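Hi,

Here is the model I said I would pass along.

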Amino acid sequence: MLRIIFLLSLLFALSNASVQDFCVANLKKAETPAGYPCIRPIHVKAKDFVFSGLGTPGNTTNIINAAVTAGFVAQFPGLNGLGLSTARLDLAPKGVIPMHTHPAASEVLFVLEGSITAGFVSSANSVYVQTLKPGQVMVFPQGLLHFQINAGKSAAAAVVTFNSANPGLQILDFALFANNLPTDLVVGTTFLDPATVKKLKGVLGGTG
């Protein structure tokens, strides 16, 4: 009898325990390593779980002929604490998302239109490249260098998802040449000649 009473008490306690289904970001507060503080559930609206930004093509008039429209926590507060985020890629003809990495997430790419050549380099320096058509999906493991290039003569678009609300981004070319790292250090660590390094710094806005 005591065992039955204990089990019933336990079930009652569990059924009345506070379960937090979501934590919509309070973007007025500072972000922490664990994410943004939650807004009070009484103030949560259905629109907090909806993001419309991926429906509009991005502006590809730039040096890479491409655009990334982010759907991260800052744009999509309902993602806070769920370990997810999304983005839209638009690539004009000759457009490219340069070699880059996401330190905090793996990425899944779904091609909407056009033709995209995508690939990544493993930590063993093995290269995996595939030209993707609409409806095809490719995955890029966390932290590995990868890229996307428009492989056709018309515009291409894709949607990507990440298993992190804040996947992070580091573009290889910008990391090397769009900063104030002295030219001699870039030359010494990349084996490029000084003239090439200075030219790349000039194109990407680096100094030093």
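Cysteine 38 comes out as partly exposed at 34% relative accessibility, while cysteine 23 is buried with a relative accessible area of 15%. For those labels, buried is under 20% relative accessible area, exposed is over 50% and partly exposed is in between, with a 1.4 Å probe and protein chains only.

Before going on, the caveats: this is a predicted model, where local features need pLDDT of at least 70, side-chain atom pairs count only at pLDDT 80 or more, and totals for chains, interfaces and linings use all residues. Numbering starts from 1 along each chain as its sequence is written, and side-chain values use heavy atoms, without hydrogens and water.

The structure holds one disulfide. Its S-S torsion is about -105°, so it is left-handed. Both cysteines sit in the loop between helix H1 (2-15) and strand S1 (66-71), so the bond ties together parts 15 residues apart in sequence. Helices (H or I, at least four residues) and strands (E, at least two) are DSSP runs, numbered from the N terminus.

Then there's an open sheet of five strands, antiparallel, in the order S6-S5-S8-S3-S10. S6 and S10 (170-171) are at the edges with a single partner strand each, so one side of each has no neighbour in the sheet. Pairing here takes at least two DSSP bridges between two strands. S5 (residues 116-121) and S6 (residues 127-132) have six bridges, and in their hairpin asparagine 125 takes a positive phi near 65°.

Cheers

Note on methods:
Disulfide = S-S within 2.5 Å.
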